[in-house]
Amino acid sequence: MSPLSDTYRHQGQRRALARELRRRGIHDERVLAAISTVPRHLFFEPAFEAHAYQDKAFPIGEGQTISQPYTVAFQTQLLGVRPTDKVLEVGTGSGYQCAVLLKLTPHVDSIEFNEKLYARTRLRLPALGAGGAALHCGDGSVGLPGRAPFDGILVTAGAPGLPPALLRQLQIGGRLVIPVGDNQTQRMVRVTREGPESFVREEFEDFRFVPLLGASGWRA
Ligand code: SAM
């Protein structure tokens, strides 16, 4: 069997995962459809493949993780992506969240700080059907000024506070979804830019993420 094969068994496991996420409160049908479609097992190290459709985070090397499917679905649902939206993901990691975003809009930029992960994921994504994203290597805590403004910015690592550059790079009406807290737990926060200087902050559940590094993150 090809290492990139996606079998009926995998497809059935994905549908079961989507049902589980619906049971846990994910209700956006487009997000559930994306979770049912993206072959998460192909974003894993082969040693963990058998666990790919459990609702758990797993190591992807370099001390980093692929986020739990519930977390991916929760953040994506909060981002409220429309088909014409331009979206930035901070923390490409394995590329799985990026592939989920690409099911919702073709306009996805994703930035990864870790050079090895960036290089590996950049090579792998096209073969996984997620070659449509523009991948970047660098400190995403300062955003991507050359590609701004964005309708949505989704941060997949825990920040000590709201990075000012990410707020500035939001379009009016744009949303920033970011976990904010200490090194133990982070509260999921959504900030909507309602006007040039007007931002509305909402808070949701607590999660546990790897740290956001960089100028507006934690010290490496
Ligand atoms: N979204 C990823 C996925 O689907 O596999 C999971 C990301 S993992 C939880 C968080 C990622 O954020 C790690 O790959 C880490 O290297 C990256 N990261 C940490 N600080 C960053 C920064 N300042 N800019 C960009 N990426 C960063």
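This is a predicted model: local features need pLDDT of at least 70, side-chain atom pairs count only at pLDDT 80 or more; totals for chains, interfaces and linings use all residues.
To start with the helices, α1 covers residues 8–23 and α2 covers residues 29–37. Their axes sit 8 Å apart and meet at an angle of about 150°, which means that α1 runs roughly antiparallel to α2, since angles over 145 degrees count that way. The crossing of α1 past α2 is right-handed. On the α1 side, the contact is built from R14, R15, L17, A18, L21 and R22, while α2 brings in L32, I35 and S36. Sorted by class, this contact of α1 with α2 holds five nonpolar residues, three charged ones and one polar one.

Next comes the ligand. There are 27 residues around the ligand, and the ones that come nearest are G91, G93, S94, G140 and G214. The shell around the ligand is made up of 13 polar, 12 nonpolar and two charged residues. Three elements each put at least two residues into this shell: β2 (64–66), α4 (96–102) and β4 (107–112). Of these, β2 gives the most, with three residues.

Finally, there is H136, found in strand β5, which spans residues 134–137. H136 has 18 C-beta neighbours inside 10 Å, so it counts as partly exposed; a buried residue would need 20 or more. Leaving aside residues up to four places away in sequence, H136 touches D109, I111 and L144. As for V90, it lies 46 residues from H136 along the chain, yet the C-alpha atoms of the two are separated by 9.6 Å.

Terms used. Residues are numbered from 1 along each chain as its sequence is written. Axes are lines fitted to C-alpha atoms, for helices over the stretch in contact, and angles run from 0 to 180 degrees between N-to-C directions. Helices (H or I, at least four residues) and strands (E, at least two) are DSSP runs, numbered from the N terminus. Angles under 35 degrees count as roughly parallel, over 145 as roughly antiparallel, 65 to 115 as roughly perpendicular and the rest as oblique. A crossing is left-handed if the near helix is turned anticlockwise from the far one by less than a right angle, and right-handed if clockwise. Two residues are in contact if their C-beta atoms, placed from the backbone, lie within 7 Å. Ala, Val, Leu, Ile, Met, Phe, Trp, Tyr, Cys and Pro count as nonpolar, Asp, Glu, Lys and Arg as charged, and the others, Gly among them, as polar. A residue is near a molecule or strand if its C-beta atom, placed from the backbone, lies within 6 Å of it. A residue is buried if 20 or more other C-beta atoms lie within 10 Å of its own, exposed if 12 or fewer, and partly exposed in between; C-beta atoms are placed from the backbone.
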